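Student: I'm new to this one and would like to go through it step by step. Can we look at it together?

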Amino acid sequence: MDAISDIEVKGAALPAPRHRVRRTPLSWARGGGLSALVFMAPMLIVFGAFSWYPIVRTVVMSLQHTNLVQAPTWVGLDNFSAVIHDPQTPIAVKNTAYFALLALVFGYPIPLAAAVLMSEVRRARGWFSALAYLPVVIPPVVAVLLWKVFYDGSSVGVFNTILGWVHLGPYPWLQSQQWAMPSLVLESTWANAGGTVIIYLAALTGVNAELYEAASVDGAGLWQKVWRVTLPQLRGVLLVTMILQIIGTAQVFLEPFLFTSGGPANATLTVMLQIYDYAFGNSLGGDYGRATALSLMLAGFLAVFSLVYLRATRSWSTE
Amino acid sequence: MKSIRLATAVVAAGLLAVCATAAAVGSTKKAVTISVASLIPGSTPAAIQQFNEQVAEFERAHPSIKVKPVEYQWTGPTFAAKLAAGTLPTVFEVPFTDARTLGDNGQLADLTAGAKALPYVSKYNKAVLAEGTDSKGRIVALPKGAYAQALHYNRKLFAQAGLNPNKPPRTWAQVEADALAITQKTGKPGYVEMAKDDNTAGWILTTLVYTLGGRMEQGIGTRAKATVDNKQTISALNLLHHMRWVDNSMGANFDYGWSDINQAFAAGNIGMYISGSDVYTNLVQASKIDPSIYGLAALPLAKNKKAGVLGGGTLVAVKPTVSAAEKAAALKWIDFFYEEPLISKAQAVRNAKTLVANKQPVGVPALPLFNKKQYDLANSWIKPYINVPIAQMKPFLTDIFAQPLIPEPEASTQSVYHALDAVVEAVLTNRNADIQGMLKQANSVAQQAISSGS
């Protein structure tokens, strides 16, 4: 018997024809659209007011000559041109690149090494994690001001005294054009390594223990295990933390501002500090046009850099 | 019963009506609130107490005005930010260098009418009042205090180094020699100079250059010519270089700003430094200096006709966006707090008594805002209350009035100072700094700032 007769005979129900519900505002509201909007509203308002609107204002101000106290005038791309021709801009860019490079060479491997060592420890691992994270908990401004005192260049400064016990120094720290930037990187690494250590520790727990056993069977020592097992397994996390670090160090402001105000003789002048100087350096009213122009240039550069980076490392990541 | 209740009700209503009318009459005079710059952040509780007592005295004399003290310190960056945000107090202070341009840009209220009504406005030193007058002739700020740069020295370190504390150096060669002696005998830096990137480095370098007879600018306004790379600037930088690298008498830290150098001096870690003649107030209020170590001398001048002492000062101004009532109240406060103690004996004495009661300094050497006669008169009124070691400041008071007073560079002052900051820092931190090259570059930066009016 065919299906239709089955239905006719046994009265089985046909599947109900699908109604196309007409989408009206009322149906949208009833279907949960309104409550979704209500829940999203605070986020939209806060982000709109404090993130998106300022970005739009930044783009607008970069095309104006404005000091926020008199009426602004439109000047097209003059601000960008002025920034590019400012003799301090290449200095700021060079110093920022130098800071980022130092932070990458010295500050990037340290949290990884610390995490690997800590993961080898069986007991008291929690204590080590807490100790590693402690510098991150100290407010950055407090940490910098403390270190500024420690970095006193005379032989009675804290660091110089300690180094004096092992017959080293005294070193000029922040008082020398050569030493100032490395001093900043040292403090920055101390202050920020803890967060990355925690991330790596978590990532390390995801490495399969059998891999290490297999490596031991093959006769690998500790260094071989790290190089051949740990690092490849952590590839994804390492690539992400690297790009985050580069973006973060390209925007360094706190350390140069509080330690040296960009000195001595512009040795620690960074792009963000230059932006701050444009905006607030002149007591008669800042040049917000140039400040926003340089901000946009920095943001554009970092965006392009990130895209290039993600493309280039796509084959290396775990995706 | 009913009639008693009715009567009570009528009486009560009548009383209420009377009270209401009285209250209404009493409150037709609305209270005006103004916020005023008080002390710099970090001042001692005693200093804050003293200020509040003066506020209370003012409010007693003017019941319809309420005064709100706001901590305030003029620094380039914070002033610019507050100006842009509109969060300056109603009454605030600006240095001589900025008032005119701020007035021209409409950032300060026009006080001409109110100022002209003050009985002593014609007695002001013309040069001092001109600092607060914009290019259209409007009075936009009234003088608060004028200072001359001076040499502050630590008498105790002088004694320890075998030098006579009552005979401070009178030539730059003597400054060098004394600094070397202090470093060798006490281990403390003998001479320290401000070298922070916040315009103070350029300010003190300009001071040094003035004492050698040089000038940083020629002409006025946006047509002025920057001359920061003149002969005297090179001499001044060479002097610093010699003291830093050959004598090693400048210590090991070179990033002192206005506040930190005061702190380090008060802590007894500096032999000599240059700053305004009126910083003793800050040394007491923020750093609790031991008065016995303080000595004040005039700056050594070279034997050059154009050598002189950099003079500056502070003006007090009013926010432009205030109502007429607030402006009138602000002028009353300015008159009471800033000007009266210099003009009226009763107010000067009252002021001094309050300061003394709170252990705040009275008698710190300042420069005349009016004329020398008024200055001497005002000083005589407060003489019984002077609690600063005035005898230790004698070298300054004896010499200063014979020294030519030179105003700060007129055009784009702060920008010119800023251009020089890096040069000073380079000389102090790099033995092989290219002084000539850096000065040339600083000159072009300064010229650009002058020509663009910033």
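This is a predicted model: local features need pLDDT of at least 70, side-chain atom pairs count only at pLDDT 80 or more; totals for chains, interfaces and linings use all residues.

Student: Then what span should helix H9 of chain A have, and how far apart are its end C-alpha atoms?

Tutor: H9(A) covers residues 180–204, which is 25 residues. At 1.5 Å a residue, the helix should therefore span 36 Å. That agrees with its end C-alpha atoms, which are 35 Å apart.

Student: Over in chain B, are helices H9 and H17 roughly parallel or roughly perpendicular?

Tutor: H9(B) is residues 200–212 and H17(B) is residues 413–429. Their axes come within 6 Å and cross at roughly 90°. Angles of 65 to 115 degrees count as roughly perpendicular, so H9(B) is, relative to H17(B), roughly perpendicular.

Student: How do the residues of that contact divide by class?

Tutor: On the H9(B) side, the residues include Ala201(B), Trp203(B) and Leu205(B). H17(B) brings, among them, Val416(B), His418(B) and Asp421(B). By class, the contact of H9(B) with H17(B) has eight nonpolar, three polar and two charged residues.

Student: Which element gives the largest share of the side of chain B that touches chain A?

Tutor: The contact uses 28 residues of chain B and 25 residues of chain A. On chain B's side, the elements giving two or more residues are H3 (76–85), H4 (96–104) and H17. The largest share, seven residues, comes from H3(B).

Student: And what classes are the residues on that side of chain B?

Tutor: The side of chain B that touches chain A has eleven nonpolar, eleven polar and six charged residues.

Student: Which element gives the most to the side of domain 1 of chain B that touches domain 2?

Tutor: Chain B is divided into domain 1 (32–147 + 312–385) and domain 2 (148–309 + 391–451), and their centres are 27 Å apart over C-alpha atoms. Domain 1 puts 20 residues into the contact and domain 2 puts in 19 residues. On the domain 1 side, H4(B) and strand S4(B) (141–154) each supply at least two residues. With three residues, the element that gives the most is H4(B).

Terms used. Residues are numbered from 1 along each chain as its sequence is written. Chains are lettered from A and ligands numbered from 1 in the order in which they are written. Axes are lines fitted to C-alpha atoms, for helices over the stretch in contact, and angles run from 0 to 180 degrees between N-to-C directions. Helices (H or I, at least four residues) and strands (E, at least two) are DSSP runs, numbered from the N terminus. Angles under 35 degrees count as roughly parallel, over 145 as roughly antiparallel, 65 to 115 as roughly perpendicular and the rest as oblique. Two residues are in contact if their C-beta atoms, placed from the backbone, lie within 7 Å. Ala, Val, Leu, Ile, Met, Phe, Trp, Tyr, Cys and Pro count as nonpolar, Asp, Glu, Lys and Arg as charged, and the others, Gly among them, as polar. Domain bounds come from an automatic or database domain assignment. The expected span of a helix is 1.5 Å times one less than its number of residues.
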